[in-house]
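Keep the viewer open as you read.

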Amino acid sequence: VSYNGGAEGADSVAFSRLVTTKVLEEGESLLSLDAQVDRNLGPSQSISLMGTRSVMCVPLRDEGRLFGLVYVDNTIVT
């Protein structure tokens, strides 16, 4: 899996670098029910390009050590 800045390809996964960086730096879970207008996310090119509507990102820890993230997003407008 490779990161390609939000563009989709055959061997890549698209995600918002802004969201993952924010969670990694702050160490707190993030949930946005409308990422297109969420002021906490600010302007994000990847969110706009991918059409992300809702997003959740949770840090994974073991004994205080951060070892990964769970990232889920959705482009469906409700």
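## Around helix α1

The cover over the buried residues of α1 includes β3 (30–32), α2 (45–50), β4 (54–62) and β5 (65–74). This is a predicted model, where local features need pLDDT of at least 70 and side-chain atom pairs count only at pLDDT 80 or more, while totals for chains, interfaces and linings use all residues. Residues are numbered from 1 along each chain as its sequence is written, and side-chain values use heavy atoms, leaving out hydrogens and water.

A few terms to have at hand: helices (H or I, at least four residues) and strands (E, at least two) are DSSP runs, numbered from the N terminus. Buried stands for under 20% relative accessible area, exposed for over 50%, and partly exposed for what lies in between (1.4 Å probe, protein chains only). Contact means heavy atoms within 4.5 Å.

Which residues of α1 (residues 17–26) are buried? They are Val19, Thr20 and Val23. They sit on the same side of α1, because they cover an arc of only 95° around the axis (the arc of the directions from the helix axis to the C-beta atoms). An α-helix has 3.6 residues a turn, so residues three or four places apart point the same way. Over on the other side of α1, you'll find Arg17 and Glu25 exposed. Just after the helix, Gly27 takes a positive phi of about 70°.

Apart from neighbours within four places in sequence, Leu24 is in contact with Leu66 and Leu69. Its C-alpha atom is 9.6 Å from that of Cys57, 33 residues apart along the chain.

Here are some partly exposed residues:

| Residue | Relative accessible area |
|---|---|
| Leu24 | 45% |
| Val70 | 34% |
| Tyr71 | 22% |

Now for the aromatics. Rings of Phe, Tyr and Trp (its six-membered ring) pair if their centres lie within 6.5 Å; planes under 30 degrees apart count as stacked, over 60 as edge-to-face and the rest as tilted. By this rule there is one aromatic pair. The rings of Phe15 and Tyr71 have centres 6.1 Å apart and planes at 70°, so the pair is edge-to-face. This pair links distant parts of the chain, with Phe15 in the loop between β2 (12–13) and α1, and Tyr71 in strand β5, 56 residues apart. Val70 is found in strand β5 as well.
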